[in-house]
Amino acid sequence: MSNGYGLWLNYSKISDESMLKTYQNQLQSVLVEEGGETMGAIKKELKMGLGGLLGTEVRFKPFQASENQLIISKYAGLPRVFKEDINIDNLRGEGYMIKHVEKGGRSYVLVTGKEDIGLLYGTFHFLRMLKMHQPLASLNLEESPKVDIRMLNHWDNLDRTVERGYAGFSIWNWQTLPDYIDQRYIDYARANASIGVNGTALTNVNANALILTPQYLEKVKALAQVFRPYGVKVYLTARFSAPMEIGGLKTADPLDPQVIQWWKDKAAEIYKSIPDFGGFLVKANSEGQPGPQNYGRTHLDGAKMMADALAPYQGTVIWRAFVYSEHDADDRAKQAYSEFVPDDGKYPDNVLIQVKNGPIDFQPREPFHPMFGAMPNTPLMMEFQITKEYLGFATHLVYMPKLFEEVLESDTYQKGEGSTVAKVVDGTLSNKRLTGMAGVSNIGTDANWTGHPFGQADWYGFGRLAWNPSMSSEKIADEWLRCTFSNDKDFLKPVKQMLLESREAVVNYMNPLGLHHLFDTSHHYGPGPWVDNLSRPEWNPVYYHKADEEGIGFDRTKTGSDALSQYAPELEEKFGNLETCPEEYLLWFHHLPWDYQLKNGRTLWDGLGIKYQEGVDQVREMITTWETMKPYVDEYRFNQVSMLLGIQLKEAKWWRDACMLYFQTFSKMDFPKEMESPE
Ligand code: GCW
């Protein structure tokens, strides 16, 4: 039985006999440079990984002139005979090179780089290649991360509940830490290192100040020690009012000298026990969280104060831009931009502004956030949500890298055509000094970590895209499927197809044609387009779809909220003009009559019904595909996925029926003939 705990790192023996023989012959022994704990982690991984894949005990040896060898060493420590074959000048610190070299009739695979962590990343890459049955003979590759900070954000509370977590409880067991080190912490670090994730914010952005008390910091230190060999730095969420809650001060005003000193002392205390502490992640003045505006100060004032406290230790402040307030509620989509963009260029060097991928909130589809590209002099960090708050939790199969890719490929036009979000994030568009990408984790105590067995692909894909934001979601799917399930092409082709289409399916059956936030109150699981009684207008779905007898959609052009003017002129023009606005964003930017004619000649009303139906049909196809995959998947996971797809189908119909029946009370039109009758 495989319960999926091993993730994409399960190292069972390679079943293809000839492949196995070839590898065994090419990898007769292994040289790992002597060194510190990261080198130790490499050895451990090889024992387990290479040993498992080849079905033999790994023989660690010094350089052998008469054996085919795998050699893992920084450039400086390579056996002299190889130095002329290698040039690592172009590698970044965390980068690596994997190269096959023939010497004296023997074959060597060299994994080399500048730093130990690069070697660890290279080792994981190498093991992945074996798992994917790649030939070693002509290997010659170089890899460096394109983004500096590649981190997970855990929305984990200290009581082990997880905000928007659907895979059990928090994996951080605060009660038994620091003395008890759960094997999961180590496997978590391994999994992250295998995809290049190098940071983790352990706690919820809706923060509890207690995490900054000595009692908890001791536990954080223990986790940092486990993660250190794997290159994963720990960050904490800093509650803005902590100086009052745990520091006994009367205020948290960022300009108050005592408050300033309190944060400086806190930073000193943290760095004393965790010298490589990453820094603070802050949600301030958003959804009721305290922040500098409570004292008439700005985000900039708050961020500066924390940045000053962390600067002596090279720590970073990650300040979130997810803000909206009830006082300026004509269009929530506009607010972050108006609060942050005017201060472009004023933030200290160790501050990153973390921006959600879209201007509302992790919807199944949103246009990219207009802040990307609009703050050329401030490092902006991408925030994706790996956990599927608005995409069916861990119940629906939705391959998230497809969504991430769509956002990263979007063109901001801020420096002319080709100014993609990916280039904003990796810093190439404006020569950013510091870059980052964060993913809100979907990890919990479930046996398989992520609840839905396919949720692992979202964690995996996030890491791969943070390493290289230009990577294709298709390549990621290919890697993940091969490493997790099978290299058989009769499995790979249809299941890859299923993954790649799953994102469009959820858009179709939940929020087609640019509709958004039709979710039922607070849990955000099923449909609730009719909800209109919440205390803040922008929490009600009716605020977003604005359906009435005349039509449906949110006018964000000049005749409406004018949110479109926050985009580059080229996009304002493109999205603002009905001729050129892509239909997938139609009702995001426009309010249109029910009988508005779509590009295919059908009415908007018919078009909606057809899309909802298409979503349901796509889930049916997923089920048909999966049913034929039994030979390639263990029974346990096969059954899990089958049952979950069954629920997904039921709920796709629920969405279709609920939304169409509700909207029909305004349109008063018959359902299109393509649509099945509501159940
Ligand atoms: O997506 C919304 C969620 C909140 C979350 C908030 C945020 C952590 O519904 O649960 O709070 O965004 O990102 O801060």
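## Glutamate 339

Glutamate 339 sits in helix H9, which spans residues 335–340; helices here are DSSP runs of H or I with at least four residues, numbered from the N terminus. This is a predicted model, where local features need pLDDT of at least 70, side-chain atom pairs count only at pLDDT 80 or more, and totals for chains, interfaces and linings use all residues. Residues are numbered from 1 along each chain as its sequence is written.

Is glutamate 339 buried or exposed? Glutamate 339 is buried, because 20 C-beta neighbours lie inside 10 Å (the cut-off is 20 or more other C-beta atoms within 10 Å, with C-beta atoms placed from the backbone). Apart from neighbours within four places in sequence, glutamate 339 touches His299 and Val323, a contact being C-beta atoms, placed from the backbone, within 7 Å.

## Helices H7 and H8

H7 (residues 257–273) packs against H8 (residues 299–310) at about 40°, with the axes 8 Å apart; axes are lines fitted to C-alpha atoms over the stretch in contact, and angles run from 0 to 180 degrees between N-to-C directions.

From H7, Ile260, Trp263, Lys264 and Ala267 meet Met305, Met306, Ala309 and Leu310 of H8.

## Around the ligand

Which residues surround the ligand? They are Trp155, Glu163, Arg164, Val205, Asn206, Lys283, Ser286, Glu287, Phe322, Asp361, Phe362 and Glu389, taken as near when the C-beta atom, placed from the backbone, lies within 6 Å.

Technical notes. Helix = DSSP H or I, 4+ residues; strand = E, 2+ residues; numbered from the N terminus. Buried ≥ 20, exposed ≤ 12 C-beta atoms within 10 Å, placed from the backbone. Contact = placed C-beta atoms within 7 Å.
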